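User: I would like to learn how to read a sheet and its surroundings in a model. Please take me through one case.

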Amino acid sequence: MKKLNVGMIGYGFMGRTHSNAFSQVNHFFDVSYRPVLKTVCARNRDRAGAFAARWGYETVETDWRAVVESPEIDLVDIASPNDTHAEIAIAAAQAGKMVMCEKPLGRNAAESETMVRAVEAAKVPNMVWYNYRRVPAVTLAKQWIDEGRLGRIFHYRAKFLQDWTISSDLPQGGEGLWRLDVNVAGSGVTGDLLAHCIDTALWLNGGISEVSAMTETFIKIRKHNLTGKVEPVGIDDASAFLARFHNGSLATFEATRYARGHKALYTFEINGEHASIFWDLHDLHRLQYFDHRDEGATRGWRSVHITDSDHPYMKNWWVPGLQIGYEHTFIHQVADFLAALGEGTSAAPTFGDALLTDYVTDAVLASAAGRRWVTVRAERGKDANA
Ligand SMILES: NC(=O)c1ccc[n+]([C@@H]2O[C@H](COP(=O)([O-])OP(=O)(O)OC[C@H]3O[C@@H](n4cnc5c(N)ncnc54)[C@H](O)[C@@H]3O)[C@@H](O)[C@H]2O)c1
């Protein structure tokens, strides 16, 4: 088995999920590479050192450039805030490293395009962590749609609801709150939460041609943690949009951090000519399925428990009937990345795939700002509305 030395940038929420995935993958999946937790990088050496000791990283760096330049590192994994993604990814690609990057790829599509160009020019394997594709139930939904079980698709409905920014006392910016600082995050819930919904939707139902959106910033000024001053809030707190897919189906998408009682409720429902599917992150191992072709007397919504060995990824885990959880989606993503590497390719979503999500989020923000329908960019570097 070949060793793959990992350089991890960031030790926060995603630094933990990724470190766990690299540590666990060889215990459960037969792949020809063995990730080694070589170096973790964050600006605070003591805290990065404590993280390294807990997870087994061999060395610590405080400047990501040292990771990118190190001849010891094969793969640079970017798990730091959105404003760092482009610079690190481009430098890593130019240094000939494989690159994994957290979502959203860049803060906007123009930034993401520079990243796509860099990995393509360097011909380095690359992937973006849109991990919900690897929930076994979501992967199974993809298989059912591709098999034609639903028939022609009429409707796609997705929501991602949270409630953690309702207090006007919450500051913006800095550690833990960079998501509220538009310069760091790029946008609010559109690039953070809706990006997940859009990536899944593009994967399950194909491209989106046009959108009509509205966004709102409910709390318009907040103290900034880095300047100490009360400053305007530049992010969208809530975002909702109508969309038309290339296949003729219609969609509604909604994300907010102001839905009291909801912590991370991602749901989608797809209605086709023959059948419908509903999925809910709070019950992530189940698919709700209705098939109109069932015999009338027993026809109804089925709740399918996605834990059998013939369900995606599940033969690698425990025994039928026992479920897995959120952290496993990252392990699946690493397993697929390493399997693709063995075949000399990149696993989806690549940087190029993730750019398509940014074209949609850019169109959503432009539509909301201009109060009009916006055509989603279909080709790189060309803006259909320009
Ligand atoms: N795939 C998902 O479901 C998912 C979930 C959460 C976050 N994310 C994405 O992951 C990324 C990180 O989010 P998070 O929630 O882990 O954030 P976090 O605030 O928990 O952690 C960020 C980490 O980055 C480090 N960091 C910041 N600037 C740095 C720099 N210049 N150099 C090196 N390290 C630096 C911080 O020290 C911290 O360890 C974001 O892009 C976010 O959108 C994705």
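User: How many bridges join β5 to strand β6, residues 126-128?

Analyst: In general, strands of a sheet pair through backbone hydrogen bonds, either parallel or antiparallel. Here three bridges join β5 to β6, and the two run parallel. Two strands count as paired if DSSP finds at least two bridges between them. Helices (H or I, at least four residues) and strands (E, at least two) are DSSP runs, numbered from the N terminus. Val-99 has Asn-126 as its bridge partner in β6. Between β5 and β6 the chain passes through helix α5 (residues 109-122), a right-handed β-α-β crossover. Right-handed means that, with the strands pointing away from the viewer, the path from the first strand over the helix to the second runs clockwise.

User: What should I know about the model and its numbering?

Analyst: The model is predicted: local features need pLDDT of at least 70, side-chain atom pairs count only at pLDDT 80 or more, and totals for chains, interfaces and linings use all residues. Residues are numbered from 1 along each chain as its sequence is written.

User: Are the faces of β5 buried or exposed?

Analyst: A residue is buried if 20 or more other C-beta atoms lie within 10 Å of its own, exposed if 12 or fewer, and partly exposed in between, with C-beta atoms placed from the backbone. In β5 (residues 98-101), Met-98 and Met-100 on one side and Val-99 and Cys-101 on the other are all buried.

User: What is the strand order of the open sheet?

Analyst: Its six strands follow the order β3-β2-β1-β4-β5-β6, with parallel pairing. The edge strands, each pairing on one side only, are β3 (59-61) and β6.

User: Which residues come nearest to the ligand?

Analyst: A residue is near a molecule if its C-beta atom, placed from the backbone, lies within 6 Å of it. Of the 22 residues around the ligand, Gly-10, Gly-12, Phe-13, Met-14 and Glu-102 come nearest. Two or more residues of this shell come from each of α1 (13-28) and α4. The largest share, three residues, is that of α1.
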